[in-house]
Amino acid sequence: MTTLYQERLALFADNSRQTNKIFKWRSVQVNRLAALLFALEDRAVEGDELHNSYALIKDSTGPFSMFRGNSAISISALLSLTQDPKHILTQTMEVYDLMKASKFRTSDYLVVAAYQIAAHTQPDQYKYTVERAKAFYDRMKQSRRFQTSQDDYIFASMLALSGVDVESCGDRMDRLYEALKPQLPFRSGNSIQALTQVLALGESDESTSVSRVLELRDIFREQGLRMDKEYTLPSLGILSLLPSEIESITTDIVESYNYLRTEKGFSGWSITQPELLLLCAALVASEHLKNARGGTLLTTAAATSITNIVIAQQTALAMAAAIAASSAASSSSH
């Protein structure tokens, strides 16, 4: 592990502790995501920046707005990392309204999907990109109606931004799904769908993509780390897309995991193995992408697409954890 990468892991751990102090009343999973977003940019969490972005959201929305829901801290962090948070928030709200008009349902996932479109395309392309996102979502629904839900909004937006053709991409996802389903755990259909959405961004043929995913899975199993569980499966796809040797990827994940386990707030009592693996996957993917940008293995556009998928996946999973925690608390009060 390089000194610079170890410093980033330490930065992420410090950021996590800082965000938990700033937003004590919020889910620790959501707070960790905010910490991750800052660490991916090699920045320490600034309390004033986060508070200002959070206040901006509250001042710009009504009391029942989804922008104030489980996505609020994630969006606050993303806004804090931009040069003009107010402008980006305004644009995000514009895209959000366009998506609602296209019959996307209001949800925390829709807020994040709208942000991704607003932040990564031009205003004159908003309508077109939203239409593409809806086409991707409808194509997913066509193939797997009961597995496609609001958590797929983020991935639909990411695919819309990628420039890939809707139908050919949908066919590719179907073939990947059929190839992967017999190889992966029972009851993981929704996660396999998310995995195929990630793999759809790759340029390798289906056979090569599947082989690389399964090879990574087996090496992690040998290390006692299960990346083929429900919440970690899509991350396996992200790692398989990296322009790096598999041994290098798996070594970095194992070392990152072991390092963070020694940090305060990351013991087995504080964070589960699946969540910690997700965070390690995001940090390792970002590190490998930064190294690749200096060569010819990966274009800037491809690197940006994969980075966006990393953020999208982490956001979706953090919000899922927050929603589950809220539901559990509600049930226990009755």
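This is a predicted model: local features need pLDDT of at least 70, side-chain atom pairs count only at pLDDT 80 or more; totals for chains, interfaces and linings use all residues.
From α1, the residues Arg 8, Leu 11, Phe 12, Asn 15, Ser 16, Thr 19 and Asn 20 meet a set in α2: Val 28, Asn 31, Arg 32, Ala 34, Ala 35, Leu 36, Phe 38, Ala 39 and Leu 40. Sorted by class, the residues of this contact are nine nonpolar, five polar and two charged.

Now the geometry. Two packed helices are described by the angle between their axes and the distance between the axes. Helix α1 covers residues 3–22, and its axis comes within 8 Å of that of α2, with a crossing at roughly 140°. That angle makes α1 oblique to α2, since a pair counts as roughly antiparallel over 145 degrees. The crossing of α1 and α2 is right-handed.

Helix α2, residues 28–40, and helix α4, residues 72–80, have axes that come within 8 Å and cross at roughly 15°. Angles under 35 degrees count as roughly parallel, and therefore α2 and α4 are roughly parallel to each other. On the α2 side, the contact is made by Val 30, Asn 31, Leu 33, Ala 34, Leu 37 and Phe 38; on the α4 side, by Ile 73, Ser 74, Ala 77, Leu 78 and Ser 80. The residues of this contact divide into eight nonpolar, three polar and no charged. The crossing of α2 past α4 is right-handed.

Helix α11 spans residues 206–222, and the axes of α9 and α11 come within 10 Å, crossing at roughly 45°. The two helices are therefore oblique to each other. Here too, α9 passes α11 in a right-handed crossing. Arg 172, Arg 175, Leu 176, Ala 179 and Leu 180 of α9 meet Glu 206, Ser 209, Val 210 and Val 213 of α11. In this contact, five residues are nonpolar, one is polar and three are charged.

Last, the cavity. How many cavities of 30 Å³ or more does a search of the whole structure find? One. The largest cavity holds about 50 Å³ of space. Its lining consists of Arg 139, Met 140, Ser 143, Arg 144, Gly 170, Met 173, Asp 174, Gln 193 and Thr 196. Which elements give two or more residues to that lining? They are α7 (126–143), α9 (166–180) and α10 (189–199).

Methods: Residues are numbered from 1 along each chain as its sequence is written. Side-chain values use heavy atoms; hydrogens and water are left out. Axes are lines fitted to C-alpha atoms, for helices over the stretch in contact, and angles run from 0 to 180 degrees between N-to-C directions. Helices (H or I, at least four residues) and strands (E, at least two) are DSSP runs, numbered from the N terminus. Angles under 35 degrees count as roughly parallel, over 145 as roughly antiparallel, 65 to 115 as roughly perpendicular and the rest as oblique. A crossing is left-handed if the near helix is turned anticlockwise from the far one by less than a right angle, and right-handed if clockwise. Contact means heavy atoms within 4.5 Å. Ala, Val, Leu, Ile, Met, Phe, Trp, Tyr, Cys and Pro count as nonpolar, Asp, Glu, Lys and Arg as charged, and the others, Gly among them, as polar. On a 1 Å grid over the protein atoms alone, a cavity is a set of points where a 1.4 Å probe fits but cannot get out, and a pocket is an open set with protein on both sides within 12 Å along at least five of seven lines; lining residues have an atom within 4 Å of a point. Grid points are joined across faces, edges and corners, and a volume is the space filled by probe spheres set on the points.
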